[in-house]
Structures are given as structure tokens and as C-alpha cells.
Amino acid sequence: MIAFSTVFTYQPVNAEQALYNRLGGYDALAAVVDDLMGRLAADQQVGRVLEHIPDSRFHHVRQMMVDFLCAATGGPCKYVGKPMVETHKGMGLTENDWKLTVSHLKATLNKFSVPNNEQQEVINTIAGLKGSIVDS
Ligand code: HEM
């Protein structure tokens, strides 16, 4: 008979694991999204866009962001939201909005003591989305 402790031994995180796991999994990612959204909403420049999200949609948007980032970092989530271009089209997002968002994201990752390597991987993961989000 296999002992419970043998089967459920704690596995230390290592560099081979998906970024999602190295970030701490679902709850850690959800906390990152909540902190980031708070920072974006409080920012005078990018907050102008978020302020138009009605309260009734806010939870949906927050959930979609968590699921999107979960899937994008190799986690076990299925993103069922709209494509990035369709979602952000017409918001008039600028290069500067993008830079501000990335710097708020870095501040959030620092707050949660995410190591530099993982921070860079998160930034690389979203870097490819810029063309779909910023209005050219
Ligand atoms: C960093 C990269 C970004 C990612 C991964 C991202 C992801 C998402 C996702 C998944 C949604 C929900 C889509 C849905 O409802 O189906 C969303 C909505 C939204 N995003 Fe982004 N976003 C990013 C950047 C930005 C930036 C820079 C802004 C501007 C400050 C922004 C403003 C919004 C707004 C206002 C909505 C709500 C749209 C609505 O009410 O339908 N996003 N975003």
C-alpha cells in the first residue's frame, strides 16, 4: 500500500515548470490581476478608460483577465472572452498607455516578490499583444 505522504509529497517549484506554476498558480494570478486593476484604475492616464466599465461588467472583465493570463502562462484555464483586438478596439489606447500599464504590472509583480526571471517572462508573454491592444 502506498502511503498518502508518498503520493502527495510537496513538489518544490523549479524552472522546468510552466510560468503559471512558478508564479504561484491560480490564486496568485488572481491577486496579481486585482492589484494591477487597482493600480490602473488609480492612474490618471489609463484610469480614463477603465472608468467606463460599468459595475455590472467589472467582475466579468476581471475574471476574463485572470483566465486569459492563466492560459497565456501555461495554466489549466480556458479563455472564453473576446479576442484582444475586438475587446480593445476604439478605446484609443496609445503607446504611452501601454508603457504605463507595463510599469504598473512590474510594480505589482515586485509587490508580490516575483523573481526577475519570472517577471521578464510575464512581460515577454504580453509583449506580443501590444499590436492588438494599442490603436495604431
Ligand atoms: C496588458 C495587456 C492586456 C491584456 C492581457 C488585457 C486583457 C483583457 C481581457 C481578457 C479583457 C476582457 C475581454 C472580454 O470581456 O471578453 C479586457 C477588457 C478590457 N480591457 Fe484589457 N487587456 C490588456 C491591456 C489593457 C490596457 C492597456 C487597457 C487600458 C487601460 C485595457 C482596458 C480594458 C477595458 C476598458 C476592458 C473592458 C472592455 C469591456 O467593457 O468590454 N486593457 N482586457
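**Note on a predicted helical model**

1. H104 is in contact with L36, R39, L40 and D43, once its neighbours within four places in sequence are set aside. Two residues are in contact here if their C-beta atoms, placed from the backbone, lie within 7 Å. H104 sits in helix 7. A helix is a DSSP run of H or I with at least four residues, a strand is a run of E with at least two, and both are numbered from the N terminus. The C-alpha atoms of H104 and G38 are separated by 9.7 Å, although the two residues are 66 apart along the chain.

2. This is a predicted model, in which local features need pLDDT of at least 70, side-chain atom pairs count only at pLDDT 80 or more, and totals for chains, interfaces and linings use all residues. Residue numbers start from 1 along each chain as its sequence is written. The mean pLDDT of the chain (pLDDT is the predictor's confidence in each residue, from 0 to 100) is 91, and 88% of the residues reach 70 or more. Over residues 1-12 the pLDDT is below 50, and beyond near neighbours in sequence this stretch has 1 contact in the model. Where pLDDT is low, the predicted coordinates should not be read in detail.

3. The chain has 9 helices and 0 strands. Of its 136 residues, 13% count as buried. A residue is buried if 20 or more other C-beta atoms lie within 10 Å of its own, exposed if 12 or fewer, and partly exposed in between, with C-beta atoms placed from the backbone. Among contacts between residues at least 6 apart in sequence, 75% join residues at least 24 apart.

4. T108 is also placed in helix 7. What does T108 contact, leaving aside its neighbours within four places in sequence? The partners are V32, D35, L36 and R39. T108 counts as buried because 22 other C-beta atoms lie within 10 Å, whereas H104, with 19 C-beta neighbours inside 10 Å, counts as partly exposed. From T108 to G38 the C-alpha distance is 9.9 Å, across 70 residues of sequence.

5. The largest nonpolar core is made up of 11 residues: Y20, L23, L29, V32, V33, V66, L69, C70, L109, V114 and V122. Helix 3 (26-42) and helix 5 each supply at least two residues of this core. A nonpolar core is a set of buried Ala, Val, Leu, Ile, Met, Phe, Trp, Tyr and Cys residues joined through C-beta atoms within 7 Å. Apart from its neighbours within four places in sequence, L29 has contacts with L23, V66, L69 and C70.

6. Of the 22 residues around the ligand, V46, M64, G81, K82 and T101 come nearest; a residue is near a molecule or strand if its C-beta atom, placed from the backbone, lies within 6 Å of it. Which helix gives the most to this shell? Helix 5 does, with 6 residues. The shell residues divide into 14 nonpolar, 5 polar and 3 charged. Ala, Val, Leu, Ile, Met, Phe, Trp, Tyr, Cys and Pro count as nonpolar, Asp, Glu, Lys and Arg as charged, and the others, Gly among them, as polar.

7. S113 lies in the loop between helix 7 and helix 8 (116-127). Its phi is near 55°, a positive value in a residue other than glycine. S113 is exposed, because 6 other C-beta atoms lie within 10 Å.
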